[in-house]
Amino acid sequence: MWCKKILVAYDGSAPSHRALEVMREIAAQNPAVEVVLVHVMRLFSSGSAAAGMDTVMVDDAMAIREELEAVAADMVNPTEVRVLKGTSPADLVVNCAKEEGCDLIIMGSRGQGGVKGFLGSVSYAVTKESPMTVLIAKEGDCR
């Protein structure tokens with residue numbers, strides 16, 4: 001198979017749900033394909049006015065981690081879950097894919113807060129910066 005290890009970027013949005021579905025279809029072809037499910041917890045420099053924001057972001061990230069761990073538990077393929085923390089989601093996704101030895105990144109066309117009809121800035125940046133194949137999953141069934 002052309003693909004040995006897949007990284008899926010997931011943020012809970014409808015396009016990222018579709019990315020999980022696409023990954024399942026590809027991974028089902030070969031149980032030896034490894035999967036890395038990642039969620040990016042974007043860090044912002046916060047002052048005292050945003051002190052409560054940090055707690056909300058960590059709580060959201062942990063809820064998504066639990067969701068991804070449930071997906072991983074259902075997988076036949078070897079699957080791991082990672083929460084990445086930093087200020088540049090695209091760089092984090094690409095660097096993680098490189099470190100993990102992935103040969104495919106699957107992500108949604110736009111994430112939480114994306115503008116309908118436009119490729120999200122993170123997915124666009126990943127496609128530009130990634131040395132490996134990037135598959136952009138669109139919402140809905142394409143059949």
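K5 pairs with E34 in a salt bridge (a side-chain nitrogen of Lys or Arg within 4 Å of a carboxyl oxygen of Asp or Glu), and the closest N and O atoms sit 3.7 Å apart. Because K5 belongs to strand β1 (residues 5-9) and E34 to strand β2 (residues 34-42), this contact ties together parts that are 29 residues apart in sequence. Helices (H or I, at least four residues) and strands (E, at least two) are DSSP runs, numbered from the N terminus. The model is a predicted one, in which local features need pLDDT of at least 70 and side-chain atom pairs count only at pLDDT 80 or more, while totals for chains, interfaces and linings use all residues. Residues are numbered from 1 along each chain as its sequence is written, and side-chain values use heavy atoms, with hydrogens and water left out.

As for exposure, buried means under 20% relative accessible area, exposed over 50%, and partly exposed in between (1.4 Å probe, protein chains only). K5 comes out as buried at 11%, and E100 is buried too, at 18%, whereas E34 is partly exposed at 36%. Taken with R82, these residues form a network: K5, E34, R82 and E100 are linked by salt bridges.

Across the whole structure, the search turns up six salt bridges. Among them is R65 with E69, at 2.9 Å from N to O. Both lie in helix α2 (residues 51-74), and because they are four residues apart, about one helical turn separates them. R65 is partly exposed at 28% relative accessibility, as is E69 at 38%.

Now for the sheet. Five strands make an open sheet in the order β3-β2-β1-β4-β5, with parallel pairing; two strands pair if DSSP finds at least two bridges between them. At the edges are β3 (79-86) and β5 (133-137), each pairing on one side only. From one strand to the next, the twist averages 25 degrees. Strand β4 (residues 104-108) runs parallel to β5 and is joined to β5 by five bridges, and G108 stands opposite A137 in β5.

Definitions and conventions. Axes are lines fitted to C-alpha atoms, for helices over the stretch in contact, and angles run from 0 to 180 degrees between N-to-C directions.
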